Amino acid sequence: MRYGDDETVRGLLADSHTWAVVGLSANTGRVAYEIARYLREHGKRVIPVHPSKPTIAGEQGYATVTAIPFPVDVVDVFVRSELAGPVVDDAIAAGARGVWLQLGVRDEAAAARAEQAGLRVVMDTCPKIEAPLVGW
């Protein structure tokens with residue numbers, strides 16, 4: 001069940017430009033790669049965040065969200081639920097405006113920390129699923 005109301009989902013999709021996609025590697029067979037491509041097709045700048053620091057679609061990758069040397073709007077989390085909390089904490093530390101935990105990724109405590117820090121939170125869904133809310 002999705003966490004985050006329609007207004008929050010619309011806001012993250014429509015009012016953002018730069019997305020840090022955590023778990024994005026050069027493996028074109030992974031869902032993260034497909035969703036990153038989809039976000040780029042809809043005008044988003046996608047920054048890869050993965051320990052291998054891949055360059056994808058001309059964007060330099062970083063090992064962590066906090067290593068990105070410029071602001072990001074949304075941190076999109078493609079890691080297992082048990083690993084999501086530290087990523088959300090990094091998003092808070094980096095000053096992101098929102099976090100999006102992908103389909104099947106849930107961490108209620110991390111969502112509460114993010115909201116308490118003023119971030120918009122969407123959890124357990126995918127931008128591609130929610131795209132009709134913004135007419136994509």
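**Group meeting: a walk through a predicted protein model**

Let's start in the loop between β2 (residues 45–49) and β3, because that is where we find lysine 53, with helices (H or I, at least four residues) and strands (E, at least two) being DSSP runs numbered from the N terminus. Before going on, a word on what you are looking at: this is a predicted model, where local features need pLDDT of at least 70, side-chain atom pairs count only at pLDDT 80 or more, and totals for chains, interfaces and linings use all residues. Residues are numbered from 1 along each chain as its sequence is written, and side-chain values use heavy atoms, with hydrogens and water left out.

Back to lysine 53. Most residues other than glycine have a negative phi. Lysine 53, though not a glycine, has a positive phi of about 50°. Its relative accessibility is 45%, so lysine 53 counts as partly exposed; buried means under 20% relative accessible area, exposed over 50%, and partly exposed in between (1.4 Å probe, protein chains only).

Which residue in the loop between β5 and α5 comes next? That is aspartate 124, whose phi is also positive, near 65°. Aspartate 124 counts as buried because its relative accessibility is 13%.

Now the whole fold. The protein has five helices and five strands, and from the N terminus they run α-β-α-β-β-α-β-α-β-α. Buried residues make up 47% of the 136 residues. The C-alpha trace spans about 35 × 30 × 25 Å along its principal axes.

Let's zoom in on helix α1, residues 6–14. Which of its residues are buried? They are Thr8, Val9, Gly11, Leu12 and Leu13. Their cover includes the strands β1 (18–22), β3 (74–77), β4 (98–101) and β5 (120–123), together with helix α5 (127–130). Contact here means heavy atoms within 4.5 Å. Among contacts in the protein with a separation of 6 or more, 61% are between residues 24 or more positions apart.

Last stop: the largest pocket. A pocket is an open set of points on a 1 Å grid over the protein atoms alone, where a 1.4 Å probe fits, with protein on both sides within 12 Å along at least five of seven lines; lining residues have an atom within 4 Å of a point. Which residues line the largest pocket? Among them are Gly23, Ser25, Arg30, His50, Phe78, Arg80 and Gln102.
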